[in-house]
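Me: I'd like to learn how to read aromatic contacts and surface patches in a model. Can you walk me through it?

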Amino acid sequence: MTNTEKDKVADAPLENWVYQFLPKSIWPYAQLARWDRPIGWKLLLWPCLWSLALGSGFALKNEPTQLQILPLFVVWAIVFWLGAVAMRGAGCTYNDIVDVDIDEAVARTASRPIPSGRVTKTKAAVFLGVQALFGLGCLLLLSLLGLFGGNINSFAIILGISSLAIVALYPFAKRITDWPQLVLGLAFSWGALMGWAVIFGSLSPAPLLLYAGSILWVIGYDTIYAHQDREDDALVGVRSTARLFGDKTKPALIILYFGTLFLFAAAFYQASASYPAYIGLALGFSHMLRQIKRLEIEDADNCLALFKSNSTFGWIIFIGLVVAIFI
């Protein structure tokens, strides 16, 4: 094993930009924030962008003269992206601090910075604080970019900060329930509320339905992901829907993904979305069905690849909603 391989996390690709461009002294912190595995922030970002696109289309249909929402949409999307990277990194850092005893006992995670001794808990906590402050800055910026400009959106600020309670609970959920993926879904889908809230300063049935559908989607894809660690989790007492569903994972995914389809369609209807949104939803559902067909729960590489493919689902839904803004 080379020195470079010793300094990276077991399941992170060496060709990632972190290992190509960052100084080696920064690597452990990049690994804490999972910069070397961008799929996490992508999956966190998609509900934000879906909600933003859905809300923008609804706003234009109700007040077609307010075209300033289109350049604002781009600015909102950029700030949401920065916030997603920061808060996903903060959440992962927090999880690693809390889960160090579990990570030490699981082969895939034992090489992470804290259990491997490359970063102390104290330094990790400082890094957590820096990322959280950056995320708070993104939230404050979003609150200043109201649809008509000029007013601080205090509702979006309160809503965004409220998500921290769920984030704080998540690392402990795997110790007390077979449904930690539900808690993850509550946290990772929060953007489905935030996108709408930054535009309108309130919520309505459309974002709530989108949020509920996104939760089912997250439970589905994280169940697939959790099958990578199912045997190790059983040994150390970590609970998950992968262990709960076991050989019945495919039927469970069918139920979860059909639920996602129904709730997203209801959200689009409530927001008066036009037909491209439904075309995107149909294509996205087809993609989810292909995931289920290809799934091999005993093959860790297969599970990881299918988990990552959910960013493609995110793109499909997003493109449909963006096209629907203009039709």
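Predicted model: local features only at pLDDT ≥ 70, side-chain atom pairs only at ≥ 80, totals over all residues.

Me: How is a pair of aromatic rings described?

Reply: By the distance of the centres and the angle of the planes. Take Trp41 and Trp81: their ring centres are 6.3 Å apart and their planes sit at 65 degrees, so this pair is edge-to-face. The two are 40 residues apart, with Trp41 in helix H4 and Trp81 in helix H5, so the pair links distant parts of the chain.

Me: Is Trp81 buried, partly exposed or exposed?

Reply: Trp81 has 38% relative accessibility, so it counts as partly exposed.

Me: What about Trp190 and Tyr211, how are their planes set?

Reply: At 90 degrees, with the centres 5.7 Å apart, so that pair is edge-to-face. Trp190 is in the loop between helix H9 and helix H10, and Tyr211 is in helix H11, 21 residues apart. Trp190 counts as buried at 13% relative accessibility, and Tyr211 is buried too, at 11%.

Me: Which residues do ring pairs link into a cluster?

Reply: Trp50, Trp217, Tyr221, Tyr225, Phe264, Phe268, Tyr278, Phe307 and Phe313.

Me: Where does Lys174 lie?

Reply: Over the face of Tyr170, 5.0 Å from the ring centre.

Me: And the surface: which residues make the nonpolar patch?

Reply: Tyr275, Ile279, Leu283, Trp315, Ile319, Val323, Phe326 and Ile327 make a patch of about 850 Å². Helix H15 and helix H17 each give two or more residues to that patch. Tyr275, in helix H15, counts as exposed because its relative accessibility is 53%, and the cut-off for exposed is over 50%.

How values were computed: Residues numbered from 1 in each chain as written. Heavy atoms only, no water. Patch = residues over 30% accessible without salt bridge, like charges linked within 9 Å, V, L, I, M, F, W, Y side chains within 5 Å. Areas by Shrake-Rupley, 256 points an atom, 1.4 Å probe, with all protein chains shown as cover. Salt bridge = Lys/Arg side-chain N within 4 Å of Asp/Glu carboxyl O. Helix = DSSP H or I, 4+ residues; strand = E, 2+ residues; numbered from the N terminus. Buried < 20%, exposed > 50% of the residue type's maximum accessible area, 1.4 Å probe, protein only. Phe/Tyr/Trp six-rings, centres within 6.5 Å; stacked < 30°, edge-to-face > 60°. Lys NZ or Arg CZ within 6 Å of the ring centre and 35° of its normal.
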